[in-house]
Amino acid sequence: MLGLMQSKQLMISSILTHAAREHGEQEIVSAAVEGGMHRYTYADAEKRTKQLANALKALGVGVGDRVGTLAWNGYRHFELYYAISGIGAVCHTINPRLFPQQVAYIINHAGDKYLFVDLNILPLLEALAPHMPRVEGVVIMTDAAHMPETKLAETHKVICYEDLIGAEPETFDWPVFDENTAAGLCYTSGTTGNPKGVLYSHRSTLLHAYAVQMKDVAPVGAADCVLPVVPMFHVNAWGLPYAVPMAGGKLMMPGFRLDGENLTQMMNDEKVTLSSGVPTIWLGLLQYLRASGKRLETVKSLMIGGAACPLAIIEGFGKEFGVSIIHGWGMTELSPVGTLNAPKPGMEDYSDDDRYRHQLKQGRALFGFEMKVVDEDGNEQPRDGKSFGRLLCRGPWVCSAYYNDTENPDGILDDDGWFDTGDVATIDSQGYMQITDRTKDLIKSGGEWISSIELENIAVGHPGIQEAAVIALPHPKWDERPFVIAVRNEGADVDRDGLLDYYKGKIADWMIPDDVVFVDELPHTATGKLLKTDLRQKFAEHKLPTA
Ligand code: AMP
(Lines give C-alpha, C1' and ligand atoms only; values in the text may rest on other atoms or scores of the structure.)
Protein backbone atom coordinates (compact mmCIF):
# COMPACT_ATOMS: atom_id res chain seq x y z
CA MET A 1 0.00 0.00 0.00
CA LEU A 2 1.39 3.41 -0.93
CA GLY A 3 1.20 6.42 1.37
CA LEU A 4 -1.26 9.12 0.52
CA MET A 5 1.05 12.10 0.61
CA GLN A 6 1.83 14.43 -2.27
CA SER A 7 4.84 13.29 -4.25
CA LYS A 8 6.26 16.67 -5.11
CA GLN A 9 9.51 16.58 -7.07
CA LEU A 10 12.49 18.09 -5.25
CA MET A 11 13.39 21.11 -7.42
CA ILE A 12 16.29 23.51 -6.79
CA SER A 13 14.10 26.43 -7.93
CA SER A 14 11.81 25.76 -4.97
CA ILE A 15 14.56 26.91 -2.59
CA LEU A 16 14.66 30.38 -4.10
CA THR A 17 10.87 30.56 -4.28
CA HIS A 18 10.75 29.70 -0.58
CA ALA A 19 13.50 32.18 0.38
CA ALA A 20 11.85 35.00 -1.57
CA ARG A 21 8.41 34.29 -0.13
CA GLU A 22 9.29 33.49 3.50
CA HIS A 23 12.50 35.51 3.93
CA GLY A 24 12.04 38.11 1.19
CA GLU A 25 13.75 40.91 3.15
CA GLN A 26 16.79 38.82 4.05
CA GLU A 27 19.97 40.03 2.36
CA ILE A 28 22.62 38.72 0.03
CA VAL A 29 25.66 40.99 0.28
CA SER A 30 28.46 40.58 -2.28
CA ALA A 31 31.95 42.01 -2.61
CA ALA A 32 31.51 43.03 -6.26
CA VAL A 33 34.25 42.33 -8.79
CA GLU A 34 33.86 45.94 -10.03
CA GLY A 35 34.57 47.17 -6.46
CA GLY A 36 32.37 48.07 -3.49
CA MET A 37 29.61 46.06 -1.86
CA HIS A 38 26.45 45.01 -3.67
CA ARG A 39 23.39 44.45 -1.49
CA TYR A 40 19.98 43.11 -2.31
CA THR A 41 17.34 40.78 -0.88
CA TYR A 42 16.10 37.29 -1.67
CA ALA A 43 13.04 38.93 -3.20
CA ASP A 44 15.28 40.96 -5.55
CA ALA A 45 17.40 37.89 -6.31
CA GLU A 46 14.34 35.92 -7.33
CA LYS A 47 13.20 38.64 -9.78
CA ARG A 48 16.60 38.89 -11.42
CA THR A 49 16.94 35.10 -11.54
CA LYS A 50 13.64 34.95 -13.42
CA GLN A 51 14.92 37.59 -15.84
CA LEU A 52 18.02 35.46 -16.35
CA ALA A 53 15.91 32.32 -16.89
CA ASN A 54 13.98 34.15 -19.63
CA ALA A 55 17.24 35.34 -21.16
CA LEU A 56 18.77 31.86 -21.19
CA LYS A 57 15.73 30.52 -22.99
CA ALA A 58 15.99 33.35 -25.51
CA LEU A 59 19.61 32.34 -26.14
CA GLY A 60 18.38 28.85 -26.97
CA VAL A 61 19.59 27.14 -23.80
CA GLY A 62 17.36 24.13 -23.26
CA VAL A 63 16.90 21.13 -21.02
CA GLY A 64 20.18 19.24 -20.48
CA ASP A 65 22.39 21.93 -22.07
CA ARG A 66 25.56 22.70 -20.13
CA VAL A 67 26.27 26.32 -19.25
CA GLY A 68 29.73 27.02 -17.81
CA THR A 69 30.54 29.59 -15.14
CA LEU A 70 33.99 30.99 -14.38
CA ALA A 71 33.21 33.20 -11.45
CA TRP A 72 33.92 34.09 -7.82
CA ASN A 73 31.36 34.01 -5.05
CA GLY A 74 28.92 36.81 -5.85
CA TYR A 75 25.28 37.62 -6.52
CA ARG A 76 25.37 37.06 -10.29
CA HIS A 77 26.89 33.63 -9.77
CA PHE A 78 24.08 32.92 -7.28
CA GLU A 79 21.53 33.92 -9.94
CA LEU A 80 23.20 31.58 -12.43
CA TYR A 81 23.04 28.66 -9.98
CA TYR A 82 19.27 28.99 -9.78
CA ALA A 83 18.36 30.14 -13.30
CA ILE A 84 20.37 27.50 -15.17
CA SER A 85 19.17 24.55 -13.09
CA GLY A 86 15.72 26.11 -12.83
CA ILE A 87 15.10 25.80 -16.57
CA GLY A 88 16.40 22.22 -16.60
CA ALA A 89 19.89 23.00 -17.91
CA VAL A 90 23.15 22.11 -16.14
CA CYS A 91 25.18 24.69 -14.22
CA HIS A 92 28.79 23.73 -14.86
CA THR A 93 31.06 25.55 -12.42
CA ILE A 94 34.68 25.77 -13.61
CA ASN A 95 37.69 26.42 -11.40
CA PRO A 96 39.64 29.33 -12.97
CA ARG A 97 42.74 28.43 -10.96
CA LEU A 98 43.28 25.19 -12.90
CA PHE A 99 45.95 25.08 -15.59
CA PRO A 100 44.54 26.72 -18.75
CA GLN A 101 44.86 23.43 -20.68
CA GLN A 102 42.72 21.74 -18.02
CA VAL A 103 40.11 24.49 -18.24
CA ALA A 104 39.95 24.01 -22.03
CA TYR A 105 39.70 20.24 -21.60
CA ILE A 106 36.84 20.65 -19.12
CA ILE A 107 34.90 23.13 -21.29
CA ASN A 108 35.14 20.79 -24.27
CA HIS A 109 34.48 17.60 -22.36
CA ALA A 110 31.38 19.13 -20.78
CA GLY A 111 30.30 20.52 -24.17
CA ASP A 112 29.42 23.91 -22.69
CA LYS A 113 27.06 25.89 -24.91
CA TYR A 114 27.58 29.25 -23.21
CA LEU A 115 30.13 30.51 -20.73
CA PHE A 116 29.56 33.18 -18.07
CA VAL A 117 32.74 34.83 -16.88
CA ASP A 118 33.71 37.36 -14.22
CA LEU A 119 35.58 40.44 -15.44
CA ASN A 120 38.97 39.56 -14.00
CA ILE A 121 38.82 35.95 -15.27
CA LEU A 122 38.22 37.10 -18.85
CA PRO A 123 41.96 37.04 -19.80
CA LEU A 124 41.97 33.28 -19.18
CA LEU A 125 39.14 32.79 -21.68
CA GLU A 126 40.74 35.16 -24.20
CA ALA A 127 43.82 32.94 -24.18
CA LEU A 128 41.66 29.85 -24.64
CA ALA A 129 39.48 31.28 -27.43
CA PRO A 130 40.95 29.10 -30.23
CA HIS A 131 40.46 25.99 -28.09
CA MET A 132 36.73 26.23 -27.44
CA PRO A 133 35.17 26.07 -30.90
CA ARG A 134 31.83 24.65 -29.75
CA VAL A 135 31.06 27.41 -27.26
CA GLU A 136 28.33 29.57 -28.86
CA GLY A 137 28.89 32.68 -26.79
CA VAL A 138 30.45 34.27 -23.74
CA VAL A 139 28.55 36.44 -21.27
CA ILE A 140 30.68 38.86 -19.26
CA MET A 141 29.27 39.24 -15.76
CA THR A 142 29.12 43.02 -15.47
CA ASP A 143 27.12 46.07 -16.57
CA ALA A 144 27.49 48.21 -19.70
CA ALA A 145 29.61 50.80 -17.88
CA HIS A 146 32.26 48.21 -17.02
CA MET A 147 32.11 46.23 -20.27
CA PRO A 148 35.69 45.77 -21.55
CA GLU A 149 36.99 45.61 -25.09
CA THR A 150 37.83 41.97 -25.70
CA LYS A 151 39.50 40.09 -28.50
CA LEU A 152 37.11 37.23 -27.72
CA ALA A 153 34.68 39.16 -29.92
CA GLU A 154 36.77 38.10 -32.95
CA THR A 155 35.89 34.43 -32.38
CA HIS A 156 32.77 34.37 -30.21
CA LYS A 157 29.51 36.18 -29.60
CA VAL A 158 30.18 38.38 -26.55
CA ILE A 159 27.32 39.63 -24.37
CA CYS A 160 27.07 41.91 -21.33
CA TYR A 161 25.22 40.23 -18.41
CA GLU A 162 23.13 43.23 -17.39
CA ASP A 163 22.17 43.93 -21.02
CA LEU A 164 21.22 40.27 -21.42
CA ILE A 165 18.78 40.23 -18.52
CA GLY A 166 17.78 43.93 -18.42
CA ALA A 167 14.94 43.79 -20.93
CA GLU A 168 13.50 40.48 -19.78
CA PRO A 169 10.33 40.17 -17.66
CA GLU A 170 10.60 39.51 -13.93
CA THR A 171 8.04 36.72 -14.17
CA PHE A 172 8.80 33.11 -15.00
CA ASP A 173 7.03 29.88 -14.06
CA TRP A 174 9.64 27.41 -12.91
CA PRO A 175 8.97 24.13 -14.67
CA VAL A 176 8.63 20.93 -12.64
CA PHE A 177 10.39 17.87 -13.99
CA ASP A 178 11.92 14.64 -12.70
CA GLU A 179 13.97 15.42 -9.59
CA ASN A 180 16.73 13.13 -10.87
CA THR A 181 17.36 15.53 -13.75
CA ALA A 182 20.97 16.80 -13.91
CA ALA A 183 21.37 20.25 -12.31
CA GLY A 184 25.08 20.85 -11.74
CA LEU A 185 28.42 19.65 -13.01
CA CYS A 186 31.78 19.99 -11.28
CA TYR A 187 35.07 18.42 -12.34
CA THR A 188 37.42 16.88 -9.81
CA SER A 189 40.77 18.59 -9.56
CA GLY A 190 42.63 15.29 -9.76
CA THR A 191 46.39 15.61 -9.50
CA THR A 192 46.87 12.79 -12.02
CA GLY A 193 45.03 12.14 -15.28
CA ASN A 194 42.27 14.26 -16.72
CA PRO A 195 39.66 15.81 -14.43
CA LYS A 196 36.41 13.83 -14.12
CA GLY A 197 32.92 15.34 -14.19
CA VAL A 198 30.52 14.79 -11.29
CA LEU A 199 26.93 15.40 -12.36
CA TYR A 200 24.63 16.43 -9.50
CA SER A 201 20.85 16.15 -9.71
CA HIS A 202 18.10 18.32 -8.23
CA ARG A 203 17.35 15.54 -5.78
CA SER A 204 20.96 15.03 -4.64
CA THR A 205 21.45 18.79 -4.26
CA LEU A 206 18.32 19.27 -2.16
CA LEU A 207 18.91 16.28 0.10
CA HIS A 208 22.49 17.42 0.69
CA ALA A 209 21.29 20.95 1.50
CA TYR A 210 18.76 19.62 4.03
CA ALA A 211 21.50 17.51 5.63
CA VAL A 212 24.16 20.19 6.00
CA GLN A 213 21.90 22.81 7.56
CA MET A 214 20.71 20.58 10.42
CA LYS A 215 21.13 22.49 13.65
CA ASP A 216 23.05 19.63 15.17
CA VAL A 217 25.60 19.56 12.38
CA ALA A 218 26.19 22.99 10.84
CA PRO A 219 24.45 25.82 12.63
CA VAL A 220 22.67 27.55 9.74
CA GLY A 221 19.45 29.31 10.76
CA ALA A 222 17.42 32.36 9.76
CA ALA A 223 19.32 34.44 12.32
CA ASP A 224 22.72 33.52 10.90
CA CYS A 225 24.93 35.30 8.44
CA VAL A 226 27.02 32.82 6.49
CA LEU A 227 30.17 33.67 4.56
CA PRO A 228 31.15 30.87 2.18
CA VAL A 229 34.85 31.47 1.54
CA VAL A 230 34.98 28.11 -0.17
CA PRO A 231 34.44 29.00 -3.83
CA MET A 232 31.20 28.41 -5.72
CA PHE A 233 33.35 26.72 -8.39
CA HIS A 234 34.48 24.10 -5.88
CA VAL A 235 31.62 21.65 -5.27
CA ASN A 236 28.91 24.28 -4.99
CA ALA A 237 30.64 26.08 -2.11
CA TRP A 238 29.87 23.00 0.01
CA GLY A 239 26.16 23.40 -0.72
CA LEU A 240 25.84 26.66 1.23
CA PRO A 241 24.25 28.68 -1.64
CA TYR A 242 21.37 26.18 -1.32
CA ALA A 243 21.37 25.48 2.44
CA VAL A 244 21.48 29.13 3.58
CA PRO A 245 18.46 30.37 1.55
CA MET A 246 16.63 27.19 2.57
CA ALA A 247 17.13 28.22 6.19
CA GLY A 248 16.46 31.92 5.46
CA GLY A 249 19.92 33.03 6.57
CA LYS A 250 21.87 36.02 5.27
CA LEU A 251 24.54 35.27 2.66
CA MET A 252 27.79 37.21 2.51
CA MET A 253 29.54 36.51 -0.79
CA PRO A 254 33.22 37.43 -0.49
CA GLY A 255 34.29 37.93 -4.13
CA PHE A 256 37.92 37.22 -4.89
CA ARG A 257 39.90 39.02 -2.14
CA LEU A 258 40.23 36.34 0.50
CA ASP A 259 43.14 37.61 2.59
CA GLY A 260 42.92 37.87 6.38
CA GLU A 261 42.34 41.63 6.41
CA ASN A 262 39.45 41.56 3.94
CA LEU A 263 37.83 38.56 5.56
CA THR A 264 38.03 40.16 9.02
CA GLN A 265 36.45 43.35 7.73
CA MET A 266 33.62 41.54 5.93
CA MET A 267 32.98 39.32 8.94
CA ASN A 268 32.77 42.21 11.39
CA ASP A 269 30.90 44.64 9.09
CA GLU A 270 28.21 42.13 8.11
CA LYS A 271 28.01 40.32 11.47
CA VAL A 272 28.97 36.94 10.06
CA THR A 273 28.23 34.02 12.42
CA LEU A 274 29.52 31.09 10.35
CA SER A 275 32.08 30.77 7.59
CA SER A 276 33.59 27.90 5.64
CA GLY A 277 36.93 27.32 3.96
CA VAL A 278 40.08 25.24 3.55
CA PRO A 279 42.87 25.22 6.17
CA THR A 280 45.15 27.61 4.24
CA ILE A 281 42.45 30.31 4.31
CA TRP A 282 42.00 29.99 8.08
CA LEU A 283 45.73 29.93 8.66
CA GLY A 284 45.97 33.26 6.79
CA LEU A 285 43.13 34.69 8.88
CA LEU A 286 44.68 33.48 12.14
CA GLN A 287 48.02 35.07 11.29
CA TYR A 288 46.32 38.35 10.38
CA LEU A 289 44.30 38.43 13.62
CA ARG A 290 47.43 37.81 15.68
CA ALA A 291 49.45 40.45 13.88
CA SER A 292 46.73 43.12 13.85
CA GLY A 293 45.27 42.54 17.31
CA LYS A 294 41.79 42.48 15.74
CA ARG A 295 38.97 40.19 16.90
CA LEU A 296 36.13 38.41 15.13
CA GLU A 297 33.20 40.12 16.80
CA THR A 298 30.31 37.87 15.80
CA VAL A 299 31.78 34.67 14.29
CA LYS A 300 30.83 31.61 16.35
CA SER A 301 32.19 28.82 14.15
CA LEU A 302 34.39 28.19 11.17
CA MET A 303 33.76 25.12 9.04
CA ILE A 304 36.98 23.65 7.78
CA GLY A 305 37.53 20.88 5.27
CA GLY A 306 39.10 20.02 1.95
CA ALA A 307 42.31 19.05 3.74
CA ALA A 308 43.10 17.94 7.28
CA CYS A 309 42.83 20.70 9.85
CA PRO A 310 45.94 20.85 12.06
CA LEU A 311 45.63 21.12 15.84
CA ALA A 312 47.45 24.46 15.70
CA ILE A 313 44.51 26.04 13.82
CA ILE A 314 41.84 24.47 16.08
CA GLU A 315 43.66 25.61 19.23
CA GLY A 316 44.60 29.02 17.86
CA PHE A 317 41.00 30.00 17.07
CA GLY A 318 39.60 28.31 20.18
CA LYS A 319 42.03 29.56 22.82
CA GLU A 320 42.91 32.98 21.45
CA PHE A 321 39.69 34.05 19.70
CA GLY A 322 36.85 32.00 21.21
CA VAL A 323 35.86 30.66 17.78
CA SER A 324 35.06 26.97 17.45
CA ILE A 325 36.14 24.90 14.49
CA ILE A 326 33.73 22.49 12.80
CA HIS A 327 35.98 20.02 11.03
CA GLY A 328 34.34 18.27 8.09
CA TRP A 329 35.22 15.91 5.31
CA GLY A 330 33.90 15.58 1.82
CA MET A 331 34.78 15.38 -1.83
CA THR A 332 33.58 16.56 -5.23
CA GLU A 333 32.01 13.12 -5.76
CA LEU A 334 29.74 13.77 -2.76
CA SER A 335 28.11 17.19 -3.28
CA PRO A 336 30.48 17.42 -1.10
CA VAL A 337 29.87 16.90 2.63
CA GLY A 338 29.91 13.39 4.14
CA THR A 339 30.92 13.96 7.75
CA LEU A 340 31.05 16.87 10.18
CA ASN A 341 32.56 16.89 13.63
CA ALA A 342 29.64 17.90 15.86
CA PRO A 343 29.68 16.91 19.55
CA LYS A 344 27.74 14.05 21.11
CA PRO A 345 26.30 14.01 24.64
CA GLY A 346 29.05 13.91 27.26
CA MET A 347 31.53 15.80 25.11
CA GLU A 348 30.58 19.13 26.71
CA ASP A 349 32.46 17.87 29.78
CA TYR A 350 35.69 17.43 27.83
CA SER A 351 38.58 19.64 28.88
CA ASP A 352 39.54 22.22 26.25
CA ASP A 353 42.57 20.18 25.25
CA ASP A 354 40.57 16.95 24.91
CA ARG A 355 37.97 18.78 22.84
CA TYR A 356 40.59 20.26 20.51
CA ARG A 357 42.15 16.85 20.01
CA HIS A 358 38.76 15.32 19.31
CA GLN A 359 38.14 18.02 16.69
CA LEU A 360 41.08 16.67 14.70
CA LYS A 361 38.70 13.90 13.61
CA GLN A 362 36.78 14.61 10.41
CA GLY A 363 33.47 13.82 12.09
CA ARG A 364 30.45 11.60 12.04
CA ALA A 365 28.18 10.72 9.13
CA LEU A 366 25.36 13.05 8.17
CA PHE A 367 22.01 11.30 7.99
CA GLY A 368 21.69 9.81 4.50
CA PHE A 369 25.40 9.19 4.16
CA GLU A 370 26.81 5.75 4.96
CA MET A 371 30.48 4.93 5.38
CA LYS A 372 32.68 1.99 6.30
CA VAL A 373 36.36 1.19 6.45
CA VAL A 374 37.60 -2.01 4.78
CA ASP A 375 40.92 -3.85 4.61
CA GLU A 376 42.69 -4.83 1.41
CA ASP A 377 40.36 -7.80 0.93
CA GLY A 378 37.24 -5.73 1.39
CA ASN A 379 36.47 -6.91 4.96
CA GLU A 380 34.81 -4.28 7.11
CA GLN A 381 37.10 -3.11 9.91
CA PRO A 382 35.94 -2.70 13.52
CA ARG A 383 34.88 0.77 14.66
CA ASP A 384 37.60 1.01 17.29
CA GLY A 385 39.40 4.19 16.24
CA LYS A 386 42.54 2.19 15.45
CA SER A 387 41.85 -0.25 12.59
CA PHE A 388 42.38 1.61 9.39
CA GLY A 389 41.69 0.87 5.76
CA ARG A 390 40.03 2.17 2.61
CA LEU A 391 37.05 4.44 3.26
CA LEU A 392 33.96 3.44 1.24
CA CYS A 393 30.68 5.33 1.17
CA ARG A 394 27.24 5.40 -0.40
CA GLY A 395 24.12 7.54 -0.29
CA PRO A 396 21.78 9.70 -2.35
CA TRP A 397 24.39 12.44 -2.83
CA VAL A 398 27.28 10.12 -3.71
CA CYS A 399 28.31 9.90 -7.38
CA SER A 400 27.59 6.60 -9.17
CA ALA A 401 29.46 7.32 -12.43
CA TYR A 402 31.45 10.18 -13.93
CA TYR A 403 30.05 12.20 -16.81
CA ASN A 404 30.91 10.69 -20.20
CA ASP A 405 33.60 8.54 -18.64
CA THR A 406 34.98 6.23 -21.31
CA GLU A 407 37.39 4.60 -18.84
CA ASN A 408 34.59 3.39 -16.54
CA PRO A 409 31.52 2.96 -18.74
CA ASP A 410 29.84 0.79 -16.06
CA GLY A 411 30.24 3.34 -13.32
CA ILE A 412 32.52 3.46 -10.33
CA LEU A 413 30.67 1.50 -7.62
CA ASP A 414 31.24 -2.02 -6.34
CA ASP A 415 28.50 -4.66 -6.49
CA ASP A 416 26.91 -3.40 -3.28
CA GLY A 417 26.86 0.21 -4.43
CA TRP A 418 29.88 1.43 -2.41
CA PHE A 419 32.16 4.16 -3.77
CA ASP A 420 35.86 3.94 -2.91
CA THR A 421 36.90 7.43 -1.79
CA GLY A 422 40.63 6.86 -2.24
CA ASP A 423 41.09 7.92 1.39
CA VAL A 424 42.37 5.78 4.23
CA ALA A 425 40.60 6.23 7.56
CA THR A 426 39.59 4.90 10.97
CA ILE A 427 36.14 5.09 12.58
CA ASP A 428 35.85 5.12 16.38
CA SER A 429 33.22 3.50 18.62
CA GLN A 430 31.16 6.73 18.63
CA GLY A 431 31.16 6.90 14.82
CA TYR A 432 33.80 9.63 14.36
CA MET A 433 35.85 9.07 11.23
CA GLN A 434 39.45 10.20 10.99
CA ILE A 435 41.35 10.42 7.72
CA THR A 436 44.77 8.84 7.95
CA ASP A 437 45.83 9.74 4.43
CA ARG A 438 45.08 9.54 0.75
CA THR A 439 45.80 5.94 -0.26
CA LYS A 440 48.63 7.13 -2.47
CA ASP A 441 50.21 9.36 0.20
CA LEU A 442 50.62 6.75 2.94
CA ILE A 443 54.24 5.91 3.71
CA LYS A 444 55.17 2.23 4.03
CA SER A 445 58.20 1.79 6.27
CA GLY A 446 59.38 -1.72 7.09
CA GLY A 447 55.93 -3.07 6.30
CA GLU A 448 54.19 -0.57 8.63
CA TRP A 449 52.09 2.35 7.48
CA ILE A 450 52.87 5.92 8.51
CA SER A 451 50.32 8.71 8.06
CA SER A 452 51.76 11.75 6.29
CA ILE A 453 48.85 13.85 7.62
CA GLU A 454 49.77 13.05 11.22
CA LEU A 455 53.40 14.06 10.62
CA GLU A 456 52.30 17.30 8.89
CA ASN A 457 49.96 18.14 11.77
CA ILE A 458 52.75 17.74 14.30
CA ALA A 459 55.16 19.87 12.26
CA VAL A 460 52.76 22.82 12.02
CA GLY A 461 52.28 22.60 15.79
CA HIS A 462 55.89 23.84 16.11
CA PRO A 463 55.77 27.59 16.72
CA GLY A 464 58.37 28.20 14.00
CA ILE A 465 56.57 26.29 11.23
CA GLN A 466 53.92 27.79 8.97
CA GLU A 467 53.21 24.85 6.67
CA ALA A 468 54.63 21.37 6.08
CA ALA A 469 54.30 18.53 3.60
CA VAL A 470 55.51 15.01 4.24
CA ILE A 471 56.29 12.58 1.44
CA ALA A 472 57.88 9.15 1.22
CA LEU A 473 61.43 8.80 -0.08
CA PRO A 474 62.90 5.42 -1.04
CA HIS A 475 65.08 3.74 1.56
CA PRO A 476 67.27 0.65 0.98
CA LYS A 477 66.36 -0.98 4.30
CA TRP A 478 62.84 0.24 5.09
CA ASP A 479 61.47 0.65 1.52
CA GLU A 480 60.17 4.13 2.31
CA ARG A 481 60.88 6.71 4.99
CA PRO A 482 59.10 10.02 5.73
CA PHE A 483 60.69 13.28 4.62
CA VAL A 484 59.46 16.76 5.66
CA ILE A 485 59.40 19.81 3.41
CA ALA A 486 58.55 22.81 5.55
CA VAL A 487 57.99 26.57 5.37
CA ARG A 488 59.20 28.59 8.38
CA ASN A 489 57.15 31.35 9.95
CA GLU A 490 58.55 34.80 9.25
CA GLY A 491 61.56 35.43 11.49
CA ALA A 492 61.63 31.87 12.88
CA ASP A 493 64.99 30.13 13.09
CA VAL A 494 63.93 26.52 13.63
CA ASP A 495 66.37 24.14 11.94
CA ARG A 496 66.31 20.50 10.84
CA ASP A 497 67.36 19.04 14.20
CA GLY A 498 65.03 21.34 16.11
CA LEU A 499 62.06 20.15 14.10
CA LEU A 500 63.02 16.47 14.33
CA ASP A 501 63.45 16.84 18.12
CA TYR A 502 59.96 18.29 18.29
CA TYR A 503 58.51 14.97 17.07
CA LYS A 504 60.00 13.10 20.06
CA GLY A 505 57.38 11.86 22.52
CA LYS A 506 54.53 12.80 20.15
CA ILE A 507 54.70 9.66 18.03
CA ALA A 508 56.55 6.34 18.07
CA ASP A 509 60.27 6.89 17.45
CA TRP A 510 60.27 4.81 14.25
CA MET A 511 57.69 7.17 12.72
CA ILE A 512 59.84 10.28 13.20
CA PRO A 513 60.88 11.56 9.76
CA ASP A 514 64.43 10.98 8.57
CA ASP A 515 65.10 14.42 7.17
CA VAL A 516 63.80 17.97 6.73
CA VAL A 517 64.34 20.67 4.13
CA PHE A 518 63.05 24.22 4.34
CA VAL A 519 61.54 26.00 1.34
CA ASP A 520 59.98 29.45 0.81
CA GLU A 521 56.62 28.06 -0.23
CA LEU A 522 54.84 24.79 -0.97
CA PRO A 523 52.92 24.04 -4.19
CA HIS A 524 49.13 23.73 -3.94
CA THR A 525 46.39 22.42 -6.20
CA ALA A 526 43.75 24.79 -7.50
CA THR A 527 41.61 23.87 -4.50
CA GLY A 528 44.26 24.54 -1.88
CA LYS A 529 45.55 21.01 -1.28
CA LEU A 530 49.27 20.26 -1.07
CA LEU A 531 50.50 19.23 -4.52
CA LYS A 532 52.56 16.23 -3.48
CA THR A 533 53.11 15.00 -7.04
CA ASP A 534 55.23 18.13 -7.63
CA LEU A 535 57.15 17.63 -4.42
CA ARG A 536 57.83 13.97 -5.24
CA GLN A 537 59.29 15.01 -8.58
CA LYS A 538 61.30 17.88 -7.16
CA PHE A 539 62.84 15.83 -4.34
CA ALA A 540 63.11 12.52 -6.22
CA GLU A 541 66.92 12.71 -6.07
CA HIS A 542 67.11 13.84 -2.45
CA LYS A 543 69.21 11.38 -0.48
CA LEU A 544 68.13 10.67 3.08
CA PRO A 545 71.02 10.77 5.58
CA THR A 546 69.84 7.37 6.87
CA ALA A 547 69.81 5.74 3.43
P1 AMP B 1 37.97 17.40 -3.58
O2 AMP B 1 37.19 16.48 -4.41
O3 AMP B 1 38.87 18.29 -4.35
O4 AMP B 1 37.09 18.16 -2.64
O5 AMP B 1 38.94 16.52 -2.69
C6 AMP B 1 38.46 15.52 -1.85
C7 AMP B 1 39.57 14.95 -1.01
O8 AMP B 1 40.09 15.97 -0.14
C9 AMP B 1 39.14 13.86 -0.08
O10 AMP B 1 39.04 12.62 -0.72
C11 AMP B 1 40.24 13.90 0.96
O12 AMP B 1 41.41 13.23 0.52
C13 AMP B 1 40.55 15.36 1.06
N14 AMP B 1 39.86 15.96 2.19
C15 AMP B 1 38.71 16.64 2.21
N16 AMP B 1 38.40 17.05 3.45
C17 AMP B 1 39.40 16.60 4.25
C18 AMP B 1 39.68 16.69 5.66
N19 AMP B 1 38.90 17.36 6.49
N20 AMP B 1 40.80 16.08 6.10
C21 AMP B 1 41.62 15.40 5.28
N22 AMP B 1 41.42 15.30 3.96
C23 AMP B 1 40.32 15.89 3.45
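This is a predicted model: local features need pLDDT of at least 70, side-chain atom pairs count only at pLDDT 80 or more; totals for chains, interfaces and linings use all residues.
**Notebook: fold, cysteines and Pro-195**

I started with secondary structure: the protein chain has 16 helices and 25 strands, taken as DSSP runs numbered from the N terminus, with H or I over at least four residues for helices and E over at least two for strands. Residues are numbered from 1 along each chain as its sequence is written, and side-chain values use heavy atoms, leaving out hydrogens and water.

**Overall shape**

I looked up the radius of gyration next. The protein chain has 24 Å, which agrees with the value near 24 Å for a compact globule of 547 residues; the radius is taken over C-alpha atoms, and the globule rule is 2.2 Å times the number of residues to the power 0.38. Along the principal axes, the C-alpha atoms fill a box of roughly 70 × 65 × 50 Å.

Then I checked burial. Of the 547 residues, 58% count as buried, meaning under 20% relative accessible area with a 1.4 Å probe and protein chains only (over 50% is exposed, in between is partly exposed).

For contacts (heavy atoms within 4.5 Å), I took pairs at least 6 apart in sequence, and 67% of those contacts join residues at least 24 apart.

**Cysteines**

How many disulfides are there? I get 0, with a disulfide being a pair of cysteine sulfur atoms within 2.5 Å.

I followed up two cysteines. The sulfur of Cys-160 has its closest cysteine sulfur in Cys-91, 19 Å away, so that is too far for a bond. Cys-160 is buried at 5% relative accessible area.

For Cys-393 the closest cysteine sulfur is in Cys-399, at 9.7 Å, again too far for a bond. Cys-393 is buried too, with a relative accessible area of 0%.

**Pro-195**

Where does Pro-195 sit? I found Pro-195 in the loop between strand 8 (182-187) and strand 9 (197-201). Buried or exposed? Pro-195 counts as buried, at 3% relative accessibility.

I listed its contacts, skipping neighbours within four places in sequence: Pro-195 touches Gln-102, Tyr-105, Ile-106, Tyr-187 and Thr-188. I also took one C-alpha distance: Pro-195 and Val-139 are 56 residues apart along the chain and separated by 24 Å.
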